[in-house]
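Please look over the sequence and the coordinates together before reading on. The paragraphs that follow move from one region to the next and end with the overall layout.

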Amino acid sequence: AVALLALLAALFAGCRGAGWGMGSRLGSGLPAVGWAASVFALIAMTSGGDIVLTSTVVDYCYLFGGLTAVGIAVVLTEPGP
């Protein structure tokens with residue numbers, strides 16, 4: 001649980017830092033979209049039928065907590081000029 005909270009905080013800080021560095025919401029939105037695409041690829045079925053993220057509480061917290069963290073990071077970033 002501590003590692004999950006640290007990961008979510010790092011994800012939030014990374015998106016906010018990217019938005020601050022570019023000076024726009026696009027800066028925080030691009031890493032957020034990349035993270036979301038990679039997570040959705042991890043929950044997709046593979047040819048062998050296995051999935052990387054299974055239906056456990058920790059995986060759901062990782063998925064939905066991460067989407068919430070990047071969403072909040074994008075919303076809280078100041079819009080660019």
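Does Arg-16 count as buried, partly exposed or exposed? At 31% relative accessibility, Arg-16 counts as partly exposed, where buried means under 20% relative accessible area, exposed means over 50%, and partly exposed lies in between, with a 1.4 Å probe and protein chains only. Everything said here refers to a predicted model, in which local features need pLDDT of at least 70 and side-chain atom pairs count only at pLDDT 80 or more, while totals for chains, interfaces and linings use all residues. Residues are numbered from 1 along each chain as its sequence is written, and side-chain values use heavy atoms, with hydrogens and water left out.

Arg-16 has its place in helix 1, which covers residues 2–22; helices (H or I, at least four residues) and strands (E, at least two) are DSSP runs, numbered from the N terminus. Although Arg-16 and Glu-78 are 62 residues apart along the chain, their C-alpha atoms are separated by 9.7 Å. The chain as a whole has three helices and zero strands, so that from the N terminus on its elements run α-α-α.

Two aromatic pairs are found in the structure. One of them joins Trp-35 and Tyr-62 in an edge-to-face arrangement, with 5.8 Å from centre to centre and 65° between the planes. Because Trp-35 lies in helix 2 (residues 25–42) and Tyr-62 in helix 3 (residues 57–76), this pair ties together parts that are 27 residues apart in sequence. Trp-35 and Tyr-62 are both buried.

Tyr-60 and Phe-64 form an aromatic pair that is stacked, at 6.1 Å centre to centre and 20° between the planes. Here the two residues are four apart within helix 3, so Tyr-60 and Phe-64 are separated by about one helical turn. Tyr-60 is partly exposed, with a relative accessible area of 42%, and Phe-64 is likewise counted as partly exposed, at 48%.

Further along helix 3 is Val-70, which counts as buried at 5% relative accessibility. Val-70 and Val-33 lie 37 residues apart in sequence, yet their C-alpha atoms are 8.6 Å apart in space.

What of the cysteines? If a disulfide is taken as a pair of cysteine sulfur atoms within 2.5 Å, the count comes to zero. Cys-15 is in no disulfide, the nearest cysteine sulfur being that of Cys-61, 19 Å away. Cys-15 is buried, with a relative accessible area of 2%, whereas Cys-61 counts as partly exposed at 35%.

On the surface, Phe-40, Leu-42, Ile-43 and Val-52 form a nonpolar patch with about 330 Å² of accessible area together. Patches are made of residues with over 30% relative accessible area and no salt bridge, like charges being joined within 9 Å and nonpolar side chains (Val, Leu, Ile, Met, Phe, Trp, Tyr) within 5 Å. The areas themselves come from the Shrake-Rupley method with a 1.4 Å probe, and for residues only the protein chains shown count as cover; a salt bridge is a side-chain nitrogen of Lys or Arg within 4 Å of a carboxyl oxygen of Asp or Glu.

The loop between helix 2 and helix 3 contains Ile-51, which is partly exposed with a relative accessible area of 34%. From Ile-51 to Ala-69, 18 residues apart along the chain, the C-alpha separation is 23 Å.

An unreviewed UniProt entry lists residues 33–53 and 60–77 under "transmembrane region"; its positions are given in the numbering used here, feature names are shortened, and annotations may be inferred rather than shown by experiment. In the model, the span of residues 60–77 is 94% helix and 0% strand, and its end C-alpha atoms lie 26 Å apart.

Taken as a whole, the C-alpha trace of the chain spans about 50 × 30 × 15 Å along its principal axes, and of its 81 residues 27% count as buried.

Notes:
Rings of Phe, Tyr and Trp (its six-membered ring) pair if their centres lie within 6.5 Å; planes under 30 degrees apart count as stacked, over 60 as edge-to-face and the rest as tilted.
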